[in-house]
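Subject: Structure for your review

Hello,

The structure you asked about is below.

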Amino acid sequence: METTGAMEEIPRFAADRMMARLARWLRLLGADVICDQRLDGATMLRWARAEGRMMLTRDMRLRTAPDVLYLEPDDFRAQLRAVLARRPFDVHRHAFTRCSRCNVALRRVAREAVAERVPPYVYATQESFARCDRCGRVYWEATHPERARREIDRLMR
Ligand SMILES: [Zn+2]
């Protein structure tokens, strides 16, 4: 995938409740994705429009709207490729900067600050840690090892 300029904007989406898995993957790639299982499609679309987000949906009734990306395939990989074809961004640059559960940007934290929160082996072998301020989940480099990078490359093909 082509690398875009440094001022590239992070894409913003609103995923309907059938798209929860896709939403988590897009967040892992760095996209800003709201998704709430309690909201119906019409409510989510209003929220998406209020915030200028592209709506991702499997609801056929919405598919002709200009700010909606209707996603047919059941496979989340195919959905991901369809999203990136419509709104490309540099996934390698932005991947793993956002909590996949909360959609909150991760904050770098000192190694000492997470000593009690990660397994001893991880603490002993990892240098760089980041935390989600909302759910408290701690991420480290091994959270996304080579396997995850390869998976991203595979998804993009
Ligand atoms: Zn979180």
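Two strands count as paired if DSSP finds at least two bridges between them. Strand 5 and strand 6 (residues 129-131) are joined by 3 bridges and run antiparallel. Within that pairing, Arg107 has Arg131 of strand 6 as its bridge partner. Keep in mind throughout that this is a predicted model.

The pairing belongs to an open sheet of 3 strands, in the order 5-6-7, with antiparallel pairing. Strand 5 (107-109) and strand 7 (138-140) are the edge strands, and each pairs on one side only. From one strand to the next, the twist averages 40°.

The whole protein

There are 6 helices and 7 strands. Starting at the N terminus, the order of elements is β-α-β-α-β-β-α-α-β-α-β-β-α. The protein has 157 residues, and 45% of them count as buried. Its accessible surface comes to about 9,200 Å², with 49% belonging to carbon and sulfur atoms. Take the contacts with a separation of 6 or more: residues 24 or more positions apart account for 49% of them.

Helix 1

Helix 1 covers residues 20-28. Its buried residues are Ala20, Leu22, Ala23, Leu26 and Arg27. Viewed down the helix axis, these buried residues fall within an arc of 155°, so they line one face of helix 1. What do the buried residues of helix 1 pack against? Three of the partners are strands: strand 1 (12-15), strand 2 and strand 3 (54-57). Helix 3 (76-86) is also a partner. After helix 1 comes Gly30, with a positive phi near 105°.

Asp36

Asp36 sits in the loop between strand 2 (32-35) and helix 2 (41-50). Is Asp36 buried or exposed? The relative accessible area of Asp36 is 15%, and the cut-off for buried is under 20%, so Asp36 is buried. The Asp36 side chain also makes a polar contact with the side chain of Arg38, at 2.7 Å. Which residues does Asp36 touch beyond its neighbours within four places in sequence? Those contacts are with Arg17, Met44 and Trp47. Of these, Met44 and Trp47 carry numbers that fall in helix 2 (41-50).

Best wishes

Definitions and conventions: Residues numbered from 1 in each chain as written. Predicted model: local features only at pLDDT ≥ 70, side-chain atom pairs only at ≥ 80, totals over all residues. Heavy atoms only, no water. Helix = DSSP H or I, 4+ residues; strand = E, 2+ residues; numbered from the N terminus. Buried < 20%, exposed > 50% of the residue type's maximum accessible area, 1.4 Å probe, protein only. Polar contact = N/O pair within 3.5 Å; in protein donor to acceptor, adjacent residues only side chain to side chain. Contact = heavy atoms within 4.5 Å. Areas by Shrake-Rupley, 256 points an atom, 1.4 Å probe, with all protein chains shown as cover. Arc of directions from axis to C-beta. Axes fitted to C-alpha atoms, helices over the stretch in contact; angles between N-to-C directions.
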